[in-house]
Structures are given as structure tokens and as C-alpha cells.
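Hi,

Here's the structure I said I'd pass on.

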Amino acid sequence: MIEATTAIHPSLVKSTLSVLSYEFRRSLTPIRIGVWAGMAIFPATLIITVSMMVQRRQLDAADIRDGFSILLFLVLPEVSTVLGMLLWATSIVSSELESQTWVYSVIRPGARTAMLLGKYAMAVIWTSSTTCVATTIAIPFIGMTQPLNTWATICTLCIVSAVAHGALFAFIGTVFQRRAMVTAFGYALIAEGVLAWIPATVNQFTVGYRLRSILAQWMDLDLERFDRFRRIVSFDTSVSMHLAVLAIGATCLLALTAWRLHASRFTWQSEF
Amino acid sequence: MTTHQHHDYPRETTSEALLALDHVTLLYDNVIGVNDIHIELPHGAYALIGPNGAGKSTLIGLLTGALIPTIGSVRLMGEDPHRSRGVLTRVGLCPASDLLIHNVSARRWIELQLKLSGWPTSNVRERSAEVLELVGLGGYLDRSIHTYSLGMRQRCKLAQAMAHRPQLLILDEPFNGLDPIGRHQMTELLIDWAEQGKSLLLASHVLHEVEQVTDSFLLIYGGRLLASGTSGELHRLLANLPQQVVIFSQDSNRLAGMLASMPWLKSLERDPLNQSLIVAVDRPIDFFQSITNWILQDGIVIDRLLGTDGDISSLFRLLVSRHRGELTFTDRGRSHSGKRSSAQG
């Protein structure tokens with residue numbers, strides 16, 4: 001007979017890693033791998049196509065570097081990451097409720113938080129890996145100066161964007177379980193799609209503002225030629241401060257989500 | 001048999017109890033899930049019986065801390081299951097909802113549940129295979145759960161509930177989807193579990209399914225705990241409650257005359273089509289004694305008697321009527337007001 005030889009109080013780290021490993025193995029299906037490949041190849045193809053069109057115009061090296069840095073940023077850490085996290089992080093709880101498996105997490109102490117963090121980590125890894133691969137594919141075709149610097153900056157921003165947006169969407173998906181995807185999409189459209197591009201104080205509360213400011217400083221972009229972009233970034237606040245704001249924001253949102261999961265009662269089953 | 005009513009007296013709860021609910025009410029907005037349930041049970045095997053929508057699953061949700069009572073408090077093995085989740089490591093739950101999980105084998109899914117229950121990684125693979133073998137899924141360990149039949153998924157749910165060796169097993173409609181052989185195997189498994197001295201709470205809407213597993217029943221209906229006791233007490237309670245009996249007799253005219261003079265007769269209706277009498281009686285025990293005497297002494301021929309005994313819907317209707325004070329409870333001929341707090345049958 002097999003016995004549990006340790007105390008029956010699993011550590012959160014161990015449980016989270018167990019959920020992450022379980023979710024990773026579950027994602028290794030032909031369909032999911034196909035979706036992953038599509039999400040990596042499509043944005044890379046888009047950027048390569050634009051670069052091939054632009055190369056005919058014979059722009060100078062600085063224009064190519066700054067212009068394509070902004071394009072890479074818009075396509076990968078912004079649009080692709082937001083869509084990826086929208087898809088995977090928003091449904092952390094609602095997908096469990098739909099498959100009627102949440103009840104098995106509820107019955108195990110600490111499992112709710114482990115499920116949240118494990119699935120969140122999986123969403124971040126899954127989405128970041130597609131955008132980082134897309135960056136890796138696209139940059140050699142652009143023919144820009146300092147390609148390694150651009151690659152490292154965009155890949156880091158992809159990961160930071162996934163962490164920040166993932167926490168936001170996980171929170172929205174937990175608070176609005178029934179209309180999780182619609183609400184999160186609405187938020188992404190209004191906050192990150194509209195408010196983030198308004199040159200006013202309101203855009204400082206968006207993830208996009210912080211990411212753009214980090215890009216501009218790390219890449220030392222000459223934004224005189226990109227006036228619209230210049231008005232919605234900040235050079236006054238340091239990169240470390242922007243990163244700290246995003247890290248604290250993501251941690252707070254995840255803590256709030258975990259609290260919400262513990263404090264709320266869930267629909268036990270369909271008959272209610 | 002104890003019947004439970006609106007004004008049940010509070011009882012002291014102890015940490016030794018398997019479960020203790022202190023006047024627990026749960027509201028889903030303006031819908032009542034469970035209503036003023038007050039009970040304390042020692043460790044043992046119990047069947048929670050009630051028709052669909054009676055509040056069984058809500059009660060299980062409360063016991064496992066998934067639901068929070070609007071009023072009152074819940075203690076499971078001395079702990080509040082919502083605040084002190086550590087107690088849940090001693091509980092195995094098999095919910096009624098189907099397992100709609102994709103792209104994962106039963107073995108891997110149970111391995112995760114074991115890890116989340118605190119089992120060391122080195123043991124989970126072996127334990128997962130062992131428990132799946134126990135429920136009869138030994139040959140299908142690595143098959144994806146979504147390819148299982150309903151009965152196999154039911155066994156898989158039971159396996160995860162038992163895997164971490166809990167002290168209390170809570171099963172919600174575990175016989176759903178099982179074929180007769182599966183039902184028999186499940187029954188044997190649960191009998192074995194109870195015989196090991198472990199506790200069991202088995203929710204079902206079919207009385208005869210659970211009678212083989214345990215002799216202790218909790219009857220729930222409309223969110224209220226109507227009665228608790230053993231099978232024998234249940235039958236005695238039924239015998240003491242007013243009920244309707246249909247008699248098929250060749251001597252229906254003579255029998256109607258005899259019945260009409262009885263003090264316990266509430267109503268008598270004759271169905272000329274099939275020569276049957278529909279009789280409503282206050283004291284079923286007296287009725288059945290009289291019928292026996294008439295057969296033996298007066299030669300009355302009875303072809304068939306249809307009563308409420310064994311008919312769970314009728315039983316619940318009777319208990320609800322009594323609960324609302326619409327019926328008078330008779331105990332060996334003595335009559336008590338329906339508004340009394342509790343009565344021993």
C-alpha cells in the first residue's frame with residue numbers, strides 16, 4: 001500500500017509547479033501546437049512583408065531601426081501579446097467552471113491559488129514564447145543596425161507585457177466569470193486601444209504607456225520623426241520605475257484575484 | 001427516527017462530531033438553497049436522501065467550504081471548512097457533475113489531484129494506478145478521460161475522491177450513469193469503505209440504491225432536513241404518518257362497509273372500473289392491523305394493496321405536509337400537534 005509520507009500541506013510553489021507541468025503536458029496536442037505556431041508565424045510574416053516593401057524605398061539606417069522597433073513593438077508586445085493573454089489568461093477560472101473541474105480545486109486546500117498561478121504562468125510562457133519566436137524570425141529579415149539589442153528589448157517587453165496583461169485579464173476573468181472574455185476584450189479595446197493613445201494623464205494608468213516608455217528609453221529612439229508616438233511616452237520616469245509599477249501592479253492584481261477566488265462562493269453545479 | 005421542524009431546539013456541538021450544522025441557511029440571491037438546517041452527526045456512514053433539487057448538493061457545497069452559509073455555521077470534523085481549509089485534506093469529494101476534461105489521461109489527472117493534496121511526487125504515480133485499479137479502470141490508465149464512457153468517468157471521479165486516503169468520503173449521486181454491474185461494484189466498494197470504519201456521506205435520490213450501503217438516513221427536501229434515522233425508523237415513521245392506500249379486492253363493497261365504521265378513516269373513494277378502493281387513513285398501523293384481522297376472521301379477499309411505503313416521493317410529500325403543520329403526527333395512537341419541535345417515532 002502506498003502512503004503519503006509527508007505532511008498533507010503542500011507548498012504553494014510545489015503545487016503551482018505541478019499545475020504548470022500538468023497544463024504544459026495538456027497543451028502538447030496537434031491543435032494547440034498548430035495554434036502556437038500560427039501565433040508565432042503570422043506576426044513574423046507580417047513584419048517581414050512590411051520590411052520587404054520598405055526596403056525598396058531605400059530609407060536610412062536610423063529610420064529603419066527606429067521605425068521597425070516601433071512596428072515590432074506594436075505587433076508583438078502590444079497586439080499579439082494582448083490577444084494571446086486575452087485568450088489564455090482570461091479563461092483561467094471560467095474554463096475550469098465550464099469543464100466542471102473547478103470543484104476538485106475547491107476541495108483541496110491551497111489548490112485555488114495554485115491553479116491560478118500555475119495556469120497564469122502557463123499562459124505567460126505560452127504567449128511569450130510565440131512572440132519571442134516571432135521576434136527571432138522577423139529581425140534577421142529587417143536588416144536593421146543593432147539587431148541583438150532590438151531583439152533583447154522586444155523579447156523582454158513581450159515577457160513584461162504578458163506578465164502585466166495576464167494579471168489584468170486573470171483578474172477580469174475571475175471577477176466577471178460569466179462574461180469574462182467579452183469584458184476583457186472590452187477593456188483591451190477601450191483602455192489599451194483608445195485611452196493608452198491619448199496624450200493625457202489617463203494613459204499613464206495603462207500597461208501600454210509603461211511598455212512604450214521602456215521601449216523608447218532602452219532603444220534610445222529618436223522620436224522627433226514619430227511625433228504621435230513621442231507624445232504618449234515618458235522619458236522623465238526611469239525604466240526601473242516603469243518596471244516596478246508594472247511588477248507591483250501585476251502582483252497586486254494576482255493577489256486580489258487569489259483573494260477573490262478564496263472569498264467568493266462558486267456555483268456548485270448547473271442545477272443552481 | 002427524528003423529524004426536524006422549523007423550531008428545532010439548538011443542540012451543543014462538539015469537535016468530535018463528523019459534521020455539525022447550526023441553523024444553517026443559504027440563499028442564492030432570493031432563492032433558498034438550504035433552510036435552517038440544524039444537525040450534528042458522529043462519524044459513520046450516512047445517506048442523504050432527497051429528490052432532485054432538494055438541496056443535497058448545496059448541503060455538500062456547504063460541508064466542503066465551497067459555499068458559505070448566509071446564516072448559521074458549519075463545522076466539519078470540528079473545523080469551519082471555508083476558513084480552515086486544512087480539514088479538507090481529510091475529505092474526498094465525488095461531485096454529481098460530469099467530468100468534461102480534455103487531453104488528459106485519468107492517471108495524470110489523479111496524479112495532479114494527489115500532488116495538490118500534498119502527496120510527494122515520488123508516490124503519486126503508483127498511488128494513482130493503484131486507486132484506478134481499485135475502481136476497475138486498471139486497463140485504461142493512460143486513455144484520455146474524454147474518451148471514457150459515462151460510467152468510466154463516474155469511477156474516475158470516485159478514484160480521485162479516494163486517492164489521497166481521506167477519512168470522510170462525500171459522494172453526490174455516485175450511481176449516475178452506472179450499469180447494473182457497475183452499480184453492484186460501486187456498492188461493494190462503498191460497503192468495504194464503511195466497514196473500514198471510515199465515514200461516508202452518500203447523496204442520492206433513489207432510496208434503494210443506498211439502503212445496501214448504510215442504514216442511516218438524512219431526508220432532505222425543499223432545502224430542509226425533514227428527518228433522520230435508520231431504515232427501520234423510516235418505515236415506522238411512514239407507518240405513523242397519515243397516508244393513502246389503494247386496495248384491490250373482490251369484496252370491495254363489503255370492505256368499504258367495514259372501513260366506513262373505522263375512526264381512523266379520513267376518506268374513502270370507490271373506483272368502479274377496477275374494483276379498487278382509495279382509502280386515506282390517519283393511523284396506518286391500525287389500518288393494517290384491521291385489514292389483517294378482516295382477512296383472517298371475516299374471509300375478506302385482498303388482491304393487491306398499494307401504499308406509500310418505498311415510494312420516496314410520497315414519503316417526502318407526507319413529511320413536508322407534516323413539517324408545515326398540515327398533518328397530525330400520530331405515535332401509537334397518540335396524537336401530537338404538528339407544530340411541536342420534534343418527535344420520536
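Let's start with burial in chain A: buried residues account for 43% of its 272 residues. Buried here is 20 or more other C-beta atoms within 10 Å of a residue's own, exposed is 12 or fewer, and partly exposed is in between, with C-beta atoms placed from the backbone.

Some housekeeping: this is a predicted model, so local features need pLDDT of at least 70 and side-chain atom pairs count only at pLDDT 80 or more, while totals for chains, interfaces and linings use all residues. Residues are numbered from 1 along each chain as its sequence is written, and chains are lettered from A and ligands numbered from 1 in the order in which they are written.

Back to chain A. It has eleven helices and zero strands, where helices are DSSP runs of H or I with at least four residues and strands are runs of E with at least two, numbered from the N terminus. Its radius of gyration is 20 Å, close to the 19 Å from the globule rule for 272 residues, so chain A is as compact as a globular protein of that length. (That's taken over C-alpha atoms, and the rule is 2.2 Å times the number of residues to the power 0.38.) Along the principal axes, its C-alpha atoms fill a box of roughly 70 × 40 × 35 Å. Of the chain A contacts with a separation of 6 or more, 80% are between residues 24 or more positions apart; a contact means C-beta atoms, placed from the backbone, within 7 Å.

Over in chain B, there's a helix pair to look at. Helix α2 (residues 106-116) of chain B packs on helix α4 (residues 150-163) of chain B at about 30°, with the axes 9 Å apart. The axes are lines fitted to C-alpha atoms over the stretch in contact, and angles run from 0 to 180 degrees between N-to-C directions. α2(B) and α4(B) are therefore roughly parallel (under 35 degrees). On the α2(B) side the contact is made by B:Ala106, B:Ile110, B:Gln113 and B:Leu114, and on the α4(B) side by B:Cys156, B:Ala159, B:Gln160 and B:Ala163.

B:His23 isn't a glycine, yet has a positive phi of about 45°; B:His23 sits in strand β2 (residues 19-28) of chain B. B:Asn103, also not a glycine, has a positive phi of about 60° and lies in the loop between β6 (91-94) and α2 of chain B.

Cheers

Definitions and conventions:
Two residues are in contact if their C-beta atoms, placed from the backbone, lie within 7 Å. Angles under 35 degrees count as roughly parallel, over 145 as roughly antiparallel, 65 to 115 as roughly perpendicular and the rest as oblique.
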